[in-house]
Amino acid sequence: MSNLMSSTTSKIMLMATRDYCLTINPSTTRVLTFNRRLTCSAAATPRLVPNPPDLIKWVRREGGFVHPSVRIAESGPYGLGLIASEEIPKGSELIALPEHIPLRFPVNDSDGGDESYSNLVNLTRYVPEELWAMKLGLKLLQERAKTGSFWWPYISNLPESFTLPIFFPGEDIKNLQYAPLLYQVNKRCRFLLDFEKEVRREVEDVKLQNHPFGGREVDASSLGWAMSSVSSRAFRLHGAKTGNHSDNIPMMLPLIDMCNHSFTPNAEIVQEQGSGDPKMLVKVVAGMNIKERDHMTLNYGCLSNDFFLLDYGFVVASNPYDCIELKYDGGLFDAASMAAGVSNPNFSSPSSWQKEFLSKLNLEGEHAILKVTLGGPEVVEGRLLAALRALLTNDAESVQTCDLNTLKSLSIEAPLGLGNETAALRTLIALCVIALNHFPTKIMEDESILEKGVLTSTELALKFRIQKKSVIIDVMRDLAKRVKLLSSKESLVS
């Protein structure tokens, strides 16, 4: 059985992962990494094969539309993108893909009679729903292994490597310095290692003609490549309608997936379905005038940098949706209140009515969700703010008669009084200080390391943790301004 990642005898030169290897860290963390060094060169990530087919010509040949001014070009250190060779007016169609071009999974019912497809579907039983990208990734691997695949012109243009943290060297995973992301990275690495064993066991005795990957061996590295290809490029779009219902399924959209991300994009995806034709057409339309040499961009979503790095392999500077995650813990808040000079025993031992209130916020009880956030559009997550306000007062009646949404809103000033609000905000500032001190380095130290020139993985880890620290500092500044304003109002009242 040949290996999907190293076979050179097949027509589809599967070169992408000859540079991959599976390593075991000296620590207990098992990670996927590269043999070759990741560099900070400006060269784009190489594609799967040298000189792949022209993707624009393939889309047009298969009945798709590509605006004559759309070109594929270098887009920074992380890959290729689409640019305008001349100005394109607002409202212009940039790309249109007929239904048969997107790669999706599951696919049409007509594939159900194919035993290799059935075996592929069987493998998805081992994939948790949160890792949906792996399910479509299995289909991608199947097509990559298939001689003469319809999607080969697209697949051959995919990157041979990715800048996602599951491929970071062990040291750069540690360099992230942020426990929630470290947990997710290690979780995915463990899944890939375990899933490799399940795949091998399931296909071990399968006949060659029924093998989901054409007899080629699939390992954790090839699975990681496939999952990363999908997570960094797929879109969740409406599938075929069944009555009044339309499924929301992930699809890989050739050429469209070369559009870069922006929170203020110049293009948007539109799905069209003719009244007499059930087939769906996926289009990209210019949302504004696109100037010559401008890159075409789409909004991947209002996401934190955790998701951008974990699924796409990049970090957004000054991301307005970035936040930090904390675990709601009485001991932690006791420490924060003491540091803030706010004496209150209710965090570790709330009264019965306060416990009942915390249950309403889903911060108390058997199925409580204890993850809370600071930063992003809310600045302070509503549940966390409401909990602090309630725990820093002994006036049960005021809390119980106050609207819950009011207590959760930072824009509504001092719903339980100026003193209560000042105590809550000071506790939050102290909490920020504690969170900031959990990072072993300071922003200035990180920036000085970046200036020296480092590996791409190290650069991403440094930028990620700089942004996390910046989020905390921005929250502290915002809250400090509010405390100052409250103090002036308290002085006026006095």
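**The interior**

Of the 128 residues in the largest nonpolar core, L94, M134 and L428 touch the most other members. A nonpolar core here is a set of buried Ala, Val, Leu, Ile, Met, Phe, Trp, Tyr and Cys residues joined through side-chain atoms within 4.5 Å; buried means under 20% relative accessible area, exposed over 50%, and partly exposed in between, with a 1.4 Å probe and protein chains only. A second, separate core has five residues, including Y300, F308, Y312 and F314.

The model is predicted: local features need pLDDT of at least 70, side-chain atom pairs count only at pLDDT 80 or more, and totals for chains, interfaces and linings use all residues. Residues are numbered from 1 along each chain as its sequence is written, and side-chain values use heavy atoms, with hydrogens and water left out.

Beyond its neighbours within four places in sequence, L94 is in contact (heavy atoms within 4.5 Å) with residues including F65, V66, A267, V284, V285 and A286. In the protein, buried residues make up 53% of the 494 residues. Among contacts between residues at least 6 apart in sequence, 72% join residues at least 24 apart.

**Strands and sheets**

The protein has 16 helices and 16 strands; these are DSSP runs numbered from the N terminus, with helices being H or I of at least four residues and strands E of at least two. Four strands form an open sheet in the order 3-6-12-11, with antiparallel pairing. Strand 3 (65-66) and strand 11 (267-273) stand at the edges, each with a single partner strand, so one side of each is left without a neighbour in the sheet. Two strands count as paired if DSSP finds at least two bridges between them. Strand 11 pairs with strand 12 (residues 280-286) in the antiparallel sense over seven bridges, and E272 has L281 in strand 12 as its bridge partner.

Strand 4 (residues 70-74) and strand 5 are also antiparallel, over five bridges. Here R71 stands opposite I83 in strand 5. Strand 5 (residues 80-84) is mostly covered, with four of its five residues buried.

**A pair of helices**

The axes of helix 9 (residues 330-339) and helix 14 (residues 418-437) come within 8 Å and cross at roughly 110°. That makes helix 9 roughly perpendicular to helix 14. Axes are lines fitted to C-alpha atoms, for helices over the stretch in contact, and angles run from 0 to 180 degrees between N-to-C directions; under 35 degrees counts as roughly parallel, over 145 as roughly antiparallel, 65 to 115 as roughly perpendicular and the rest as oblique. L332, F333, A335, A336, S337 and A339 in helix 9 meet T427, A430, L431 and I434 in helix 14.
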